[in-house]
Amino acid sequence: MTTQGERQNRRVRGRRRRIIALCTVGGVAVAVGVVVAESGDWLPGAGRTTKEGLSAVPADAGPPTQPLTEEQLFTVERYFPGGRGVDNGGFKARRTAARQGQDCAEVLADKGQDVLKDTNCHAYVSVSYTQDGNQVVSSVTVLRFPDEASAQQAEKALVTNTEAIAFVPPDPGVLPTPSGSPPPAAGAQRTSTQVDAVGHYLTVTASRFADPASAAAPAALDEATRAVGYTARAPFVWL
C-alpha cells in the first residue's frame with residue numbers, strides 16, 4: 001500500500017509540474033506577442049518587423065521611391081542618349097551635340113519673332129546627328145506642350161516658317177574643317193525640314209550638308225531628314 005501511495009503521489013506532482021511549465025510558456029508567448037504588436041520589435045537588437053510577419057525591415061530604410069514626373073523624364077539622355085545613334089533604312093548617324101531647357105525661346109532663330117509666344121511651350125530638348133562619313137548633319141528639336149491642341153497650333157505656325165527654329169550644329173571640333181569651294185552666301189544653303197506634331201509634343205527636324213559646298217545630290221538631305229525625324233518621333237508616339 002505504501003508503494004502504491006508513493007507512486008500515486010509522484011504522478012500527481014508530475015502533472016502539477018507540467019501544468020505550471022505550460023502556463024509559464026504561454027505567458028511568455030503572450031508577452032512577446034504584445035511587444036511585437038505594439039513596437040514591431042521581435043527581439044531586442046534583432047531589428048524591426050512587420051505586424052503581418054517576421055520579415056525584417058532595415059532600421060535605416062528611407063521613404064518609398066516616387067515615380068518620376070513627365071517633366072523629369074523629358075531629358076536629352078532619356079530620349080536621345082549619346083551612346084545610341086540613328087540607324088534607319090540604311091542611314092546611320094551619331095549624336096554630335098545636345099542641349100535642353102524650359103525656356104522655349106532659346107530654340108528660336110530670331111528672338112524678335114517668337115512664333116511660340118502664345119502656345120505655352122513648356123520645355124525643349126535639341127540634338128544634332130552627323131551621318132557616318134560626315135556628309136550630312138541633322139538637327140532635331142522636340143518641344144513639349146500642355147496639350148495636343150497647343151502642339152498642333154505650333155505646328156501650323158512652323159509649317160509655313162520652318163526656319164524659325166534654330167539649326168543645332170555639331171559641337172565645335174566634332175567635324176573636320178570644310179574644304180573646297182567657298183561656302184554659299186548666307187541663306188543660300190539648302191535645308192530639308194520636317195515638322196510633326198505627336199500628341200502634345202512637336203518635333204522639328206532639319207538636315208544640311210556638313211560642307212556647304214558639297215556637290216552631293218539634294219536627295220541625300222531628304223533621306224537624312226526622314227530617317228532622323230522618324231527616330232525622333234518614335235519615343236513620343238505612345239505618350
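This is a predicted model: local features need pLDDT of at least 70, side-chain atom pairs count only at pLDDT 80 or more; totals for chains, interfaces and linings use all residues.
Two strands are taken to pair if DSSP finds at least two bridges between them.

Strand S6, residues 136–144, and strand S8 pair in the antiparallel sense over 9 bridges. Within S8, phenylalanine 209 is the residue that stands opposite valine 136. Strand S8 itself spans residues 201–209 and is mostly covered, with 8 of its 9 residues buried.

Strand S8 also pairs with strand S7, residues 192–198; the two run antiparallel and are joined by 7 bridges. Here the facing residues include aspartate 196 and, in S8, threonine 203. S7 and S8 form a hairpin that has 2 residues between the strands, and in this hairpin glycine 199 takes a positive phi near 65°.

These pairings belong to a wider arrangement. An open sheet is formed by 6 strands in the order S3-S4-S5-S6-S8-S7, with antiparallel pairing. Strand S3, residues 86–88, and strand S7 are the edge strands, each pairing on one side only. From one strand to the next, the twist averages 25°. Helix H5, residues 219–233, packs on this sheet and touches S3, S4, S5, S6, S7 and S8. The direction of helix H5 makes about 150° with that of strand S8.

In general, a disulfide is a covalent bond between the sulfur atoms of two cysteines. Sulfur atoms of a cysteine pair must lie within 2.5 Å to be counted as a disulfide, and by this rule the count comes to 1. The disulfide joins cysteine 104 to cysteine 121, with an S to S distance of 2.1 Å. The link between cysteine 104 and cysteine 121 is left-handed, with -65° about the S-S bond. The pair links distant parts of the chain, 17 residues apart: cysteine 104 and cysteine 121 are each placed in the loop between strand S4 (91–101) and strand S5 (123–131).

Are these two cysteines buried or exposed? The cut-off for a buried residue is under 20% relative accessible area. Cysteine 104 has a relative accessible area of 6% and is therefore buried. Cysteine 121, with a relative accessible area of 14%, is buried as well.

Note on methods
Residues are numbered from 1 along each chain as its sequence is written. Side-chain values use heavy atoms; hydrogens and water are left out. Buried means under 20% relative accessible area, exposed over 50%, partly exposed in between (1.4 Å probe, protein chains only). Helices (H or I, at least four residues) and strands (E, at least two) are DSSP runs, numbered from the N terminus. Axes are lines fitted to C-alpha atoms, for helices over the stretch in contact, and angles run from 0 to 180 degrees between N-to-C directions. Contact means heavy atoms within 4.5 Å.
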